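Here's a quick briefing to read alongside the sequence and the coordinates. Have both open as you go.

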Amino acid sequence: MKSRLVIAIAAMLVSGAALAHSEREGTTPADGALLTETPEMIHMVFDDPMRVTMARLVNADGAEMPMARGSGLEPSLEFHAEPESLAPGRYTVEWRGLASDGHPMQGSFSFQIAD
């Protein structure tokens, strides 16, 4: 009986550690934001250092829009990039990275620029 309890506790600890990856805490613009002009900056904040290995901005047709990456590839709590002027429409920021524990992560968020 004790061995089952020890195994159950060990499994809970392992699963808790697996859930301890970095998470995105916030973005600028906020996910789903409706803007009147091109954002000055694309910004993401993480709760634990993240090595953002890829970030791209795509329009509703899936075309990649130019943006100047302001953050390097070093692990950081923040990532930022400056997009070029954008036409009205819907845009999505897609990103991939490595959490501080080496776990691959990915995500996306969207915003819209009104006419």
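In which strand is the place of Asn59? Asn59 sits in strand β3, which covers residues 42-59; strands here are DSSP runs of E with at least two residues, numbered from the N terminus. This is a predicted model: local features need pLDDT of at least 70, side-chain atom pairs count only at pLDDT 80 or more, and totals for chains, interfaces and linings use all residues. Residues are numbered from 1 along each chain as its sequence is written, and side-chain values use heavy atoms, with hydrogens and water left out.

**Asn59**
- The Asn59 side chain gets to the backbone nitrogen of Asp61 at 2.9 Å.
- Skipping neighbours within four places in sequence, Asn59 is in contact (heavy atoms within 4.5 Å) with Met65, Arg90 and Tyr91.

**Ile42**
- Ile42 is in strand β3 too.
- Thr27 is 15 residues from Ile42 in sequence and 7.5 Å away in space, C-alpha to C-alpha.
- Beyond neighbours within four places in sequence, the contacts of Ile42 include Met67, Phe79, Val93 and Phe111.

- Leu86 is in contact with Leu57, Tyr91 and Phe111, among others, leaving aside neighbours within four places in sequence.

Conventions
Helix = DSSP H or I, 4+ residues; strand = E, 2+ residues; numbered from the N terminus. Polar contact = N/O pair within 3.5 Å; in protein donor to acceptor, adjacent residues only side chain to side chain.
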